[in-house]
Amino acid sequence: MSTPAEWDDRYRATELVWGTPPDPWIVEQVTVLPPGRALDVGAGEGRHALWLATRAWDVTAVDFSRVGLDKAATVAARSPRTVRARLHWTPLDITSEAIPNQPYDLAVWAYVHPDPEDRAAAIAKVAHALAPGGLLLLLAHEKIDSHPDAGSGASGSGRHGLPTFGAAELSAALPEDMVVEHVEWRESDPYHGTGTDLAVRARRRRSEAIAP
């Protein structure tokens, strides 16, 4: 994962890095859910957070790039006041800082790729931030053929030097009270080059009722 300063520079360099539409898989998974409290991990320019807020979700959007979050707030400023009131832009490094405002009914982890040594703990942290019955929706690069961030190779990275991870690594990182409900592989979307992406839906088990 790049540094906050590198992401700040990237977000400054262009109007919108990822565009404004949410990922279609996220839309497909969330549309059937009743609104509640959501955590958007690595929110960037806010495409998922803003879409969730327009569907009545109360969203804590976290990212370690303040420039990205500032751009997200600027985009959201065009939305109705009721939508803006549901958005909470929160500068935060998911690998080293505590998640505020727990618990959540939904966590969206879209293309956040911590370095391998930090990844398992970050995934577990997000899972623990879910309420019983809460849902984790995760998108990640599993195989990269080309990518706008391609650089030199690195340990635990894809062939272009970007940290990739697969279903087995994710499953090992999830706490025991998380149940993987769905796994699929798909072609990367246009904003993420070419390759294969992993899409996972996992749910935190509900607490068993206490006998009287």
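The model is predicted: local features need pLDDT of at least 70, side-chain atom pairs count only at pLDDT 80 or more, and totals for chains, interfaces and linings use all residues. Residues are numbered from 1 along each chain as its sequence is written, and side-chain values use heavy atoms, with hydrogens and water left out.

**Salt bridges**

- The whole structure holds seven salt bridges, a salt bridge being a side-chain nitrogen of Lys or Arg within 4 Å of a carboxyl oxygen of Asp or Glu.
- One of them joins Arg119 and Glu169, with N and O 2.8 Å apart. Because Arg119 lies in helix α6 (residues 116-128) and Glu169 in helix α7 (residues 167-173), this pair ties together parts that are 50 residues apart in sequence. Helices (H or I, at least four residues) and strands (E, at least two) are DSSP runs, numbered from the N terminus.
- Arg119 is buried at 1% relative accessible area, whereas Glu169 is partly exposed at 33%. Buried means under 20% relative accessible area, exposed over 50%, and partly exposed in between (1.4 Å probe, protein chains only).
- Asp177 and Arg204 form another salt bridge, their closest N and O atoms being 2.8 Å apart. Here strand β7 (residues 194-204), which holds Arg204, is linked to the loop between α7 and β6 (178-187), which holds Asp177.
- A further salt bridge, with closest N and O atoms 2.9 Å apart, pairs Glu181 with Arg201. Salt bridges with shared partners join Glu181, Arg201 and Arg203 into one network.

**Asp23**

- Asp23 is in the loop between α1 (4-13) and α2 (24-30), and is buried, with a relative accessible area of 1%.
- The side chains of Asp23 and Arg186 make a polar contact of 2.6 Å. A polar contact is a pair of N or O atoms within 3.5 Å; within protein, one must be able to donate a hydrogen and the other to accept it, and residues adjacent in sequence count only if both atoms are side-chain atoms.
- A polar atom of the Asp23 side chain also lies 2.8 Å from the backbone nitrogen of Trp25.

**The second largest pocket**

- The lining of the second largest pocket has 13 residues, and Trp57, Asp105, Gly133, Gly134 and Arg203 lie nearest the centre of the pocket. On a 1 Å grid over the protein atoms alone, a pocket is an open set of points where a 1.4 Å probe fits, with protein on both sides within 12 Å along at least five of seven lines; lining residues have an atom within 4 Å of a point.
- Strand β5 gives the most to this lining, with five residues.
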